[in-house]
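Me: Could you walk me through this structure, one feature at a time? I'd like to learn how to read each one.

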Amino acid sequence: GSPVIDLTATASISDISSALEFLPRRLSPKLFDWFNRAVVAGEVPQADFVLRGPLYAFPYDQGKGVFRVVMSVRDGIFDYSPKWPRLVDASGTLIFDGISLEGRNLAGKLLEMRFREAQAQMPDIREGVVEMSVQAQTAMGEALNFIRASPIASALGPRIVDVTGSGTMQSDVRLVLPTRKLHDYEVHGEFELQKATLGLIGVEEQLTNLEGMAYLRNMKITAE
């Protein structure tokens, strides 16, 4: 019969890219390429491993064993798509569980925008679809810089580069990213303006004390 393993261990990893060794070998080359590009840097102060079951059944997507790795991450840099700003100064918990990958209690920065309590998941690593949700309260100027550096700018037209802003905005954004076809992403967002001011470079008049909601649905924007 097939060899059976029963391993429990704890370790630290100075370079998070070494954790890519945990990925099932049966992944497509394109998906391996995405992981190698996306995981730029980071440290894992603690990683807890459980590997239990017949080796032939790894990664145990049929329930014939247990494969689970729980990693705490800090100082991470993730380049998940060339069209979107990098995630830097990232921290949180990454969990490999069978064929799934999940990020919990993620914090970090997208350009100047700092966020906490974000979540990410890849329900089936073999499919390679990443789902991310980020909630943040940010300054309008920081949010505008992020928008200009992302595909969202194309939905707003060329004059987005001339928009100025102050005040704050509460954002709730969800991104679905197929790693094999990065251009087929979906993005949905809700943005609550809180005493915000918007203007245009070279135009004296401004919109002030803005309150209300704006919604983004796959590059279509509506407001209330």
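Me: Is Glu117 buried, partly exposed or exposed, and why?

Reply: Buried means under 20% relative accessible area, exposed over 50%, and partly exposed in between, using a 1.4 Å probe and protein chains only. Glu117 has a relative accessible area of 47%, so it counts as partly exposed. You'll find Glu117 in strand S6, and its phi is positive, about 65°, although it is not a glycine. This is a predicted model, where local features need pLDDT of at least 70, side-chain atom pairs count only at pLDDT 80 or more, and totals for chains, interfaces and linings use all residues. Residues are numbered from 1 along each chain as its sequence is written, and side-chain values use heavy atoms, with hydrogens and water left out.

Me: Which other residue has a positive phi although it is not a glycine?

Reply: Asn209, with a phi of about 50°. Asn209 sits in strand S10 (residues 207–217). Asn209 counts as exposed because its relative accessibility is 58%. Strands here are DSSP runs of E with at least two residues, helices are runs of H or I with at least four, and both are numbered from the N terminus.

Me: How do I look for empty space inside?

Reply: Rolling a probe the size of a water molecule over the atoms shows where empty space is left. A cavity is a set of points, on a 1 Å grid over the protein atoms alone, where a 1.4 Å probe fits but cannot get out; lining residues have an atom within 4 Å of a point. Points are joined across faces, edges and corners, and the volume is the space filled by probe spheres set on them.

Me: Which strand gives the most to the lining of the largest cavity?

Reply: S6, with seven residues. By class, that lining holds 34 nonpolar, seven polar and two charged residues. Here Ala, Val, Leu, Ile, Met, Phe, Trp, Tyr, Cys and Pro count as nonpolar, Asp, Glu, Lys and Arg as charged, and the others, Gly among them, as polar.

Me: What lines the second largest cavity?

Reply: That cavity has about 70 Å³ of space, and its lining residues include Met113, Phe146, Met169 and Phe191. Helix H2 (140–148) and S8 each supply at least two of the lining residues. The lining has eight nonpolar residues, one polar and no charged ones.

Me: What should I know about nonpolar side chains?

Reply: In soluble globular proteins, nonpolar side chains tend to be buried together. A nonpolar core is a set of buried Ala, Val, Leu, Ile, Met, Phe, Trp, Tyr and Cys residues joined through side-chain atoms within 4.5 Å. The largest one here has 62 residues, and Trp34 is one of those that touch the most other members. Leaving out residues up to four places away in sequence, Trp34 touches Tyr80, Met122, Val130, Thr179 and Leu182, where contact means heavy atoms within 4.5 Å.

Me: Why does strand S1 (residues 4–13) lie largely in the open?

Reply: Of its 10 residues, the number buried is one, so S1 lies largely in the open. Two strands pair if DSSP finds at least two bridges between them. S1 and strand S2 (residues 39–54) pair in the antiparallel sense over nine bridges, and Ala9 has Phe49 in S2 as its bridge partner.

Conventions: 1 Å grid on protein atoms, 1.4 Å probe; cavity = no way out; pocket = protein on both sides within 12 Å on 5 of 7 lines; lining within 4 Å.
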